[in-house]
Amino acid sequence: MISKKVEEALNRQINAELYSAYLYLSMNAYFLSINLAGFANWMRVQALEETTHADKFYGFLNDRGGRVILAPIEGPPHDWSSPLAAFEDAYRHEQKVTAMINALMDLAIEEKDHATASMLSWFVDEQVEEESNADGIVRQLKLVGDNSGGLFMLDRELSARAFTPPAASPE
Ligand code: MG
C-alpha cells in the first residue's frame, strides 16, 4: 500500500509530466510556425518522452494500489521571441521538474517508502540528462547568435533525434 501523502504527490507528478508533454508540443508548433523543422522534431520527440514519464508514474501508482486522479492540464505558452528564448524556457522547466522529483524523493524517504524511492531513482538520473540536453542546446544557440547559417546547421542536427519507446518491462 501507499500512503495518502505519496499518492497525492505522485498524482501531482503525473500532471506535471503531462504538462511537460503539452509544453514541448506547444514548442513543436512554435518551431513549425517559424520553419525550423529540425527544432520542431526535437520538441516532438521530447513531448513523446514526457508521455512515457507520465505513464511510468501512472503504472507505478496503480501497481502500488493507489488511485490515479487526473487533474486538468494547464495551458502552456504558445509564443516565444526566439529559438533561444524557447530553449531557455525548456531548460528552466526541466530545473523545476528536477526540484519536484527531489521533493518527491525527500517525501518517499520521510515516509520510509522504499519502493517509491527506488522507482524515483530512475527519474533522478533522467533529470541530469534532461537538464544537460536543454542546457547544451541553449549554449549552442548562444554561440550561433544571429548567424542564420549556424541556425540552419543546428536545425539539421536536431532533425536527427528519434523517439525510442521504453523497453517493455517483464510482467
Ligand atoms: Mg519528464
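Colleague: What should I know about the model before we start?

Modeller: The model is predicted, so local features need pLDDT of at least 70 and side-chain atom pairs count only at pLDDT 80 or more, while totals for chains, interfaces and linings use all residues. Residues are numbered from 1 along each chain as its sequence is written, and side-chain values use heavy atoms, with hydrogens and water left out.

Colleague: Why is Q13 called buried?

Modeller: Buried means under 20% relative accessible area, exposed over 50%, and partly exposed in between, with a 1.4 Å probe and protein chains only. Q13 has a relative accessible area of 1%, so Q13 is buried. Q13 lies in helix α1. Helices here are DSSP runs of H or I, at least four residues, numbered from the N terminus.

Colleague: What does Q13 touch?

Modeller: Leaving aside residues up to four places away in sequence, Q13 touches F57, V97, M100, I101 and L104. Contact means heavy atoms within 4.5 Å.

Colleague: Is G65 buried, exposed or partly exposed, and what makes it so?

Modeller: G65 has a relative accessible area of 44%, therefore it is partly exposed. G65 sits in the loop between α2 and α3. Its C-alpha atom is 9.4 Å from that of E7, and the two residues are 58 residues apart along the chain.

Colleague: Why does N35 count as exposed?

Modeller: N35 has 67% relative accessibility, so it counts as exposed. N35 is in the loop between α1 and α2. N35 has a positive phi of about 60 degrees, although it is not a glycine.

Colleague: And what makes K112 exposed?

Modeller: K112 counts as exposed because its relative accessibility is 68%. K112 is in the loop between α3 and α4. Its phi is positive, near 55 degrees, and K112 is a residue other than glycine.

Colleague: What makes a set of residues a nonpolar core?

Modeller: A nonpolar core is a set of buried Ala, Val, Leu, Ile, Met, Phe, Trp, Tyr and Cys residues joined through side-chain atoms within 4.5 Å. The largest one has 22 residues, and F31, F39, M43 and F87 touch the most other members. Helices α1, α2, α3, α4 and α5 each supply at least two residues of this core. α1 gives the most, with 6 residues. A second, separate core of 19 residues includes L10, I14, F57 and F123.

Colleague: Which residues does F39 touch?

Modeller: Among them are F31, F87, I137 and L141, not counting residues up to four places away in sequence.

Colleague: Why is α3 called roughly antiparallel to α4?

Modeller: Axes are lines fitted to C-alpha atoms, for helices over the stretch in contact, and angles run from 0 to 180 degrees between N-to-C directions. The axes of α3 and α4 come within 9 Å and cross at roughly 160 degrees. That makes α3 roughly antiparallel to α4. Angles under 35 degrees count as roughly parallel, over 145 as roughly antiparallel, 65 to 115 as roughly perpendicular and the rest as oblique.

Colleague: How do you know how α4 lies against α5?

Modeller: The axes of α4 and α5 come within 9 Å and cross at roughly 155 degrees. That makes α4 roughly antiparallel to α5. Here I137, Q140, L141 and V144 in α4 meet G150, L151, L154, E157 and L158 in α5.
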